[in-house]
Amino acid sequence: MSIITLIPLFPLIGFLINGLGFRKIPTSLAGPIGVGASLLSFIGTVIAYTQLTETNQPILINVFDWITVGSLQINFSFQIDQLSIIMLFVITGVGTLIHMYSMGYMHDDEGYGKFMAFLNLFLFSMLLLVMGSNYIVMFIGWEGVGLCSYLLIGFWNKNTEYGNAARKAFIMNRIGDLGFLIGIFLIILNFGSVEYTEVFEKAKGLTVGDSTIIAITGFLFIGAMGKSAQIPLYTWLPDAMAGPTPVSALIHAATMVTSGIYMIIRSNILYTLAPETLEFVAWIGVATAVFAATIGIFQNDIKKVLAYSTVSQLGYMFMGLGVSAYTSGFFHVITHAFFKALLFLAAGSVIHAMSGEQDIRRMGGLWSKIKITAITFLIGTIAISGVFPLAGFFSKDEILAHVYEHNKLMWVLALIGSMMTAFYMFRLFFLTFTGSFRGTHEQEHHLHESPASMTIPLMVLAVFSFVGGFIGMPEVFHAPHLLADFLNPIYEGSKAVNPEFGAHPVEHSTEWMLMGISLGAALIAIFIAYTRFGGSKNVPVEDSEITGVQKVIYNKYYIDEVYWAIFVNPVKSLSNFFVNVFEPKGFDAIVRGVGNMVNSFSNLTRRLQAGGTGFYLFAMVIGITIILGINLGYQVLETIKAFVGIK
Amino acid sequence: MLEKLSHILFSTRLLLPELVFAGVFLIIVTIVAFTKKSYHSHNLYNTLTISILITIGFVFYVFLSFLEQYFDSGVVLFHNLIYLDKLSIFFKLIITVSAIAVILHLWIIGYKVVGEFYAIFLALILGLFVMSMTTHFLMLYVALEMVSICSYILVAINKSKSNSEAGIKYLLTGATSSAVMLYGISLLYGMTGTLNFGSQEFATFLGQNPSWVANVAAFMTIGGLLFKLSAAPFHSWTPDVYEATPTPIVAFLSIAPKVGVIIVMVRFLSGLSIDFRLILSIVIIGSLFIGNLSALWQNNTKRMLGYSTIAHAGFMLVGLLALSQFGVQSAIFYVTTYLFITLSAFLLVDLLALKTESYELESLKGLGQENIFLGLSAVVIMIALVGFPPTVGFTGKLLIFTALWDSYQDSGNQLLLIILIISLLNTAISVFYYLRIPFYMIFKDPKGGARRYSLDIPKRVFLLIFIVLLVYLFIKPDLIMDMIEML
């Protein structure tokens, strides 16, 4: 068995041990098992990386032949190439850190073992998603992560609201999954295969703008919308913050929500063939990025702010994909995984210190109380705001540069979104860590720095948030763009169908200018945030006092209510109609009638079986006679037919 | 003369496993005869029987791949009395596996049986072995009687009143079916002049008769087989015998003889040069409806499973009705997987009865809450019996119905379509009674409040193996299908 097969197997084993042994395995063991499984996967990934760099050819591993229907052969197989190996590093690396963090964060929870098991199951599904060598294996992982997300959002399911949040996430994702599934069916229909290599090879023969490709890419993108929380399927992600914070960090920031982006980059040749879809993707991305950012400005729940910022950042990634800058989008996936996981984990540490309080209006002045958390949170905040030289600057700037090339209006909107990001992130920082403490006396008494198992991951992620951007230096710095060079092989198909792909005609002066503008914009936004919220001068008012436009935005533009009115209520009344009128009068009557008929028949056959041996033999002989009689009767009928001349 | 002698010696060599088997049978009989009757020696017997079975099973497994190297298709032994080919070895393998499972079941649940049981058990298996490698009516009849007589004794071996009653019922109905079968055989012999139903002349001569006359003879001939298969109209013994007999024995009787019968049926029907579909269809329809409709009302799990086997006998015959190579293969697949499903169902029933000391459905209330593993197992096993995914029961039914559909498409025979529809309808009916078991276990509340009920490790592992197998074979049916396609 290849070491690559073992990568997803470790978390599966961890899940089985912790899941089946839940309540029997002592908590002191459950944590190390979970972390160990994740760590072993990470080591496996490192080994896989060395294997990959030996040849630089994609490694294909057939685990077993799975489905053969006619000429369609679907194997359960893995493909390790430049794209999946980076995803593997992010998933197992960040995953291991978050597992470790969970050991501290969830330690006193009664469902600790279950939590570890679910995290491992998530890791397993996520690994399947990125390692699969065809769309079906990806789909299994895709559904698996959806399930785990549901299980983990509703982890504290004793609270009905949390359970509802989990259901919302699940249902919203189903809509996207349906699109994805239709996309896969279309691929099977048009290419006769689901294997990436075969599909992409065949796609090379198509022309740009082919209508079937537009349909396929469009449906696939609907899947991505659901999973990666884009307009209009984004409302589940903020609600998903009901889950424990490590879940928000791992699933709803670093890994699962980026799988839509992974999928599009994986299918880059198909998207390159469909510029119309790409344009659509770009605009959805811009809209989501700006829209979510405006909501983020007025949120007062520390995790909600981060959630909207995640939605917004995902919008940036799609924006990058939409302007054919796949690498830039992916670059942002990587850096975002670092700083957003960091921010969430730090927020978790804050919540931990605040004994469960999440409202930033009750915080303030935490800087001196929980120093490590505060510093790491600040690093994350600077990184996401796009200040040089932290990770976010490089990736966001690269996207913005490509957007500028593509469409100036889009660039302006993106820039405004980016300013808002810097603003609300620093608003969050200032309100949480500066000024004086606004919570209860009891909370103040309990304030403490988190244990080492939580702060170490914070520090590691802070380092990566700092230096993570150096893998993709802009051209004007005359340093190699390591990521782009590494990822080059996966765009072969795109280059083959579109010769212009990957050309980078931005002049150096323009690039300097763009960098200056975005840096300046970020700094201005930070400055505004400082003047307004520095030292917690203006604490946001209580919910009941919010008015005007602010109230609309604070209530997320009432999108949830709109969805409720348009989709949920009509369906509910329809189903009420069916339950109260159609079901009892219509179906039930028919079903009961048939059931009664069967019942009376079977009552008859049962009575015949009363136990008398004599009757048994009699019945047997009668049975034989009947059969022979039918045989004879059939023959007589045939003879008569032949005689009368009917054929 | 010398030539004959060498043929006999050659034949004997190929039947060495069976001879060893007969030897062990004699050894056990001797032990039983010359030692004190003791219920404590069952460990010894269990070990002995299982080891001989495993050895034989291994020999068969090896033989399966070797046979092709020496003989192209099959080999005729003892002047047509025995016909050994890969199909028969495969079936002998299946029979061995089920026998091993049954002895394990017996052992793990802790049944204490007398030493004679093992001797008779081995003799029964020997009879089945012979049955699965003959195309000769004489040998078939001898083997069938060997199986029957052993079965009668096994049913009555506990010497309680209900056992004896069940044994007598079994014996009387069995003897009648045997008589019918003998009558049929004699008619066929009269028509064809040969007892070897695998031979070319049998087919030629039979084809010269009017088909309805030949049908009468053929139907009577398979009477004895249908009796073993518990198909209508030879089914009436089933529920009574099932209810009274110790569960492992029922489990064995409900699978091993049927396996033997199916291979004989495959051989007999493929050699039959007349249109036999009408009669077979009636048998199928009768079995399906009688089995499923009667099962609906049963409140005793073992009786219910008894009726369920009647219905399953119908499903097995559906595969044969297709009369194509694919049909035969799917019937064999169905039988093979049905083996695991049935064995696990009876094991489950027994494990439940350990707690409740009753086979009544009422007593199962809430058991699934008291032991979640048992509850989930019940769901999986019953779903497999119905034939829903993700269990191998689904694969089996799918293959059979596909074979029938293909056959209908090829021949355009309306009868096949009718059978297909009736089969599907019956599958739907069967949902109701199979799922009652998990329903009672999980959704009904236990009578005196829930008490945790835990199984010891061997029982749990044994059941788990079956459950895993049922699901695993759904994911990878090739494991068995490849073997069958090779035959």
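Some housekeeping. This is a predicted model, where local features need pLDDT of at least 70 and side-chain atom pairs count only at pLDDT 80 or more, while totals for chains, interfaces and linings use all residues. Residues are numbered from 1 along each chain as its sequence is written, chains are lettered from A and ligands numbered from 1 in the order in which they are written, and side-chain values use heavy atoms, with hydrogens and water left out.

Back to the interface. The size of an interface is often given as the accessible area lost when the parts come together. Here chains A and B bury about 2600 Å² between them, with 73% of it on carbon and sulfur atoms; buried area is the accessible area (1.4 Å probe) that two parts lose on being put together, summed over both. How many salt bridges are there between chain A and chain B? The count is 0, a salt bridge being a side-chain nitrogen of Lys or Arg within 4 Å of a carboxyl oxygen of Asp or Glu. The rule does find 2 residue pairs in polar contact across the interface of chain A and chain B, both at pLDDT 80 or more. For that, a pair of N or O atoms must lie within 3.5 Å; within protein, one must be able to donate a hydrogen and the other to accept it, and residues adjacent in sequence count only if both atoms are side-chain atoms.

Helices (H or I, at least four residues) and strands (E, at least two) are DSSP runs, numbered from the N terminus. Ala, Val, Leu, Ile, Met, Phe, Trp, Tyr, Cys and Pro count as nonpolar, Asp, Glu, Lys and Arg as charged, and the others, Gly among them, as polar.

Over all chains, the count comes to 15 salt bridges. One pair to look at is Lys169(B) with Glu165(B), whose side chains meet in a salt bridge at 3.2 Å, N to O. Lys169(B) and Glu165(B) are separated by about one helical turn because they are 4 residues apart in helix α7 (residues 161–192) of chain B.

On a 1 Å grid over the protein atoms alone, a cavity is a set of points where a 1.4 Å probe fits but cannot get out, and a pocket is an open set with protein on both sides within 12 Å along at least five of seven lines; lining residues have an atom within 4 Å of a point. Grid points are joined across faces, edges and corners, and a volume is the space filled by probe spheres set on the points.

The second largest pocket holds about 1200 Å³ of space. Its lining has 39 residues, and nearest its centre lie Glu161(A), Asn164(A), Ala165(A), Lys168(A) and Asp239(A). α6(A) brings the largest share of that lining, 9 residues. The lining of this pocket has 20 nonpolar, 7 polar and 12 charged residues.

As for cavities, the structure holds 8 of 30 Å³ or more. The second largest cavity has a volume of about 60 Å³, and α17(A) supplies the largest share of its lining, 5 residues.

Last, some backbone points. A cis peptide bond joins Ala232(B) and Pro233(B), with omega about 0°, and Pro233(B) sits in the loop between α9 (211–229) and α10 (238–244) of chain B. Thanks, everyone!
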